Amino acid sequence: MDLSLRLLQALEAVAAEGSMTRAAGVLNLTQQAVSGQIRQLERVIGTPLVERRSTGIELTPAGEVVRKQGSALLSAARVMVTEARLTATGRPEPVRVVFKAQSTAHFMPAVEAAMRLEAPEAEIRPIAAHTLPDELDALVEGRADAAFLWLPIGDDPRFTVHPLLDEERWVALPPGHPLESRTELRIADLAGVPVVGARDGMPRAVVDFWFIDPRPDGSHAVLGPQARTPEECLHLVAAGHGCWIAPASTVTYFAHPRLTWLPLVDAEPNTLALIWPRHSANPMLHLLLDQTRRTLLPAATN
């Protein structure tokens, strides 16, 4: 039986993406190559594994069996490689972590210090990212092992999600804005105020969450100019193009001489999570998760 891991990886990607084209992008292959791998896997198994529908590609019942069992095989293979390398070198592989400095600066140094006490050979390699697509692409493409990011990320079965903390949402207002004399804001106060931020390449549900759209009264948010980085958002707000809604940690990290920051007291909080690919085999990931939770516990109980 010629059942290679690359064929199982192709089926896993197609199942997650619901599209040969998107799966090809994830695997860095052509669409024709992915289709050929699926056909080859179907010949090996002896039955159709995928079917094309108007909503995209879905797995057949047999395809679900192969995907589930294949995922276990892929996970076992990753564990094998990791343990073999550890046996050969005596050191675990570095944990490559995607992060946004404004979201993690208040706890990551302490987490790294705690990890070194627990496992002196542990090594964290930080990878900066600006938007959710950047973060998820780094994980899917194998450039990172885990990511600290804000939820939601959309309905994506490829990742294991571990919520860590909730933060109040704050609003950055431009100089001279009529609301700047307030001590706090409510969502209704932002009616008609454009909201700047990233939208391209992000799932609709994620955009709706960050822009609070629709509003509780059924009205829709006014979408301002797009910006990928916090610095771009702050510049747009300072130039009078609208407001920016961000987690509370952003307020302390990005001081700005011209802007007013106010808490948005009736908005659903932002949740920071640590996520990694569902079948990751890096043994340091659970140590990272445990030490992060222990580091954040005092703040959560205050």
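Let's start inside helix 11, which spans residues 284-301 and holds Gln291. This is a predicted model, and Gln291 is one of the residues that it places in the interior: its relative accessible area is 6%, so it counts as buried. Around that residue, the protein comes to 11 helices and 12 strands. Of its 302 residues, 47% count as buried.

- What does Gln291 touch, leaving out residues up to four places away in sequence? Its contacts are Val111, Ala114, Met115 and Glu118.
- Gly224 sits in strand 9, which covers residues 223-226.
- The relative accessibility of Gly224 is 9%, and because buried means under 20%, Gly224 falls in the buried class.
- Beyond its neighbours within four places in sequence, Gly224 is in contact with Pro194, Val195 and Arg199.
- Gly197 is 27 residues from Gly224 in sequence, yet their C-alpha atoms are 7.6 Å apart in space.

- Four bridges link strand 7 (residues 169-173) to strand 11 in the antiparallel sense.
- Within this sheet, Val171 is found opposite Leu262 of strand 11.

**Nonpolar cores**

- The largest nonpolar core contains 57 residues, and Leu264, Ile275 and Leu288 have the most contacts inside it.
- Once neighbours within four places in sequence are set aside, the contacts of Ile275 are with Leu136, Leu139, Ala146, Ala147, Leu149, Ile153, Phe159, Thr160 and Val161.
- There is also a second, separate core of 18 residues, with Leu8, Ala13, Ala23 and Val66 among them.

**Helix 2 against helix 3**

- Two packed helices are described by the angle between their axes and the distance between those axes.
- For helix 2 (residues 20-27) and helix 3 (residues 31-45), the angle is about 100° and the axes are 8 Å apart.
- Helix 2 is therefore roughly perpendicular to helix 3, since angles of 65 to 115 degrees are classed that way.
- On the helix 2 side, the contact involves Met20, Thr21, Ala23, Ala24 and Leu27.
- Helix 3 contributes Gln31, Val34, Ser35 and Ile38.
- How many residues of each class take part in the contact of helix 2 with helix 3? There are six nonpolar and three polar residues, and no charged ones.

**The whole protein**

- Along the principal axes, the C-alpha atoms fill a box of roughly 70 × 55 × 30 Å.
- Taking contacts between residues at least 6 apart in sequence, 72% join residues at least 24 apart.

How values were computed
Residues numbered from 1 in each chain as written. Predicted model: local features only at pLDDT ≥ 70, side-chain atom pairs only at ≥ 80, totals over all residues. Heavy atoms only, no water. Pairing = 2+ DSSP bridges. Helix = DSSP H or I, 4+ residues; strand = E, 2+ residues; numbered from the N terminus. Core = buried A, V, L, I, M, F, W, Y, C linked by side-chain atoms within 4.5 Å. Buried < 20%, exposed > 50% of the residue type's maximum accessible area, 1.4 Å probe, protein only. Contact = heavy atoms within 4.5 Å. Axes fitted to C-alpha atoms, helices over the stretch in contact; angles between N-to-C directions. Parallel < 35°, antiparallel > 145°, perpendicular 65-115°, else oblique. Nonpolar A, V, L, I, M, F, W, Y, C, P; charged D, E, K, R; others polar.
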